[in-house]
Amino acid sequence: NVAIAALAAGAVLARTALQLKQDRVLLVALGFGCVAGFFAVHAFSTPGVPWTGSYSYGSGTSDYDYGSPTVGLSAYLSVFIPAMFFAAAHTGIPELLNRVPGARPAVVSAVVMAILAFGYVGIFRPELIAGVPVAMAPFSYAVAILSGAMLLLAAWQQARIYRRSHLPTQAALGIAYLLLAEAQLSMATTE
């Protein structure tokens, strides 16, 4: 699964950011780790995907139930939660992480534990999250608007950094944020 590979890459980047005490990079790494982690939960909760790698849309022959609350919720969270980290990377939060002893490993541990806990509940106990309205209108629209605003802020800040540095990775991050905003908008406006 590509999400698991991306999660591993995010973990390596987060570890490097911790060692180098690069808090903005740490927040970006945690954001991409969340994208990967929540999408992995999404994949493993989508009937047929973990075992066969595919599923049929509306063929009428499938025995799978696609109404799992985990599928929709994990899709929305896979953009909303990372958007918070990407936007936070351009606020005063990195400086706060630098000043508070033990904050960096605590944040990383909390994020990892939250993804693992959501994965466990989403895959093995989905009835516990069935009432979470994030993926249902009108809440889905609010989540999409908030995600979009945070991602646009992050993309704008990345564009400013790119103009100063001319480093292509800064432009690539800005484009990635815009594409994630588009993905969130697509989730909210299509069924």
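Reader: What makes Leu27 count as buried?

Author: Leu27 has a relative accessible area of 3%, and buried means under 20%, exposed over 50% and partly exposed in between, with a 1.4 Å probe and protein chains only, so Leu27 is called buried. This is a predicted model, in which local features need pLDDT of at least 70 and side-chain atom pairs count only at pLDDT 80 or more, while totals for chains, interfaces and linings use all residues. Residues are numbered from 1 along each chain as its sequence is written, and side-chain values use heavy atoms, with hydrogens and water left out.

Reader: Where does Leu27 lie, and which residues does Leu27 touch?

Author: Leu27 is part of helix 2, where a helix is a DSSP run of H or I with at least four residues, a strand is a run of E with at least two, and both are numbered from the N terminus. Apart from residues up to four places away in sequence, Leu27 touches Phe85, Ala88, Ala89, Ile93, Pro94 and Leu97, contact meaning heavy atoms within 4.5 Å.

Reader: How do you know whether His90 is buried or exposed?

Author: His90, in the loop between helix 4 and helix 5 (93–99), has 18% relative accessibility and therefore counts as buried. Leaving aside neighbours within four places in sequence, His90 is in contact with Arg24, Ala154, Gln157, Gln158 and Ile161. His90 and Ala154 are 64 residues apart in sequence, yet their C-alpha atoms are 6.8 Å apart in space.

Reader: What makes Lys21 and His166 count as exposed?

Author: Lys21, in the loop between helix 1 (2–20) and helix 2 (23–45), has 53% relative accessibility and so counts as exposed. His166, in the loop between helix 7 (139–165) and helix 8, has a relative accessible area of 57% and is therefore exposed as well. Most residues other than glycine have a negative phi.

Reader: How do you know at what angle helix 4 and helix 8 cross?

Author: The axes of helix 4 (residues 69–88) and helix 8 (residues 168–189) come within 10 Å and cross at roughly 145 degrees, where axes are lines fitted to C-alpha atoms over the stretch in contact and angles run from 0 to 180 degrees between N-to-C directions. Ala75, Tyr76, Val79, Phe80 and Phe86 in helix 4 meet Tyr177, Leu180, Gln184, Met187 and Ala188 in helix 8.

Reader: What makes helix 4 a bent helix, and why is helix 4 called largely enclosed?

Author: Helix 4 bends by about 30 degrees at Leu77, the bend being the angle between axes fitted to the seven residues ending there and the seven starting there. Because 17 of the 20 residues of helix 4 are buried, this helix is called largely enclosed by the rest of the structure.
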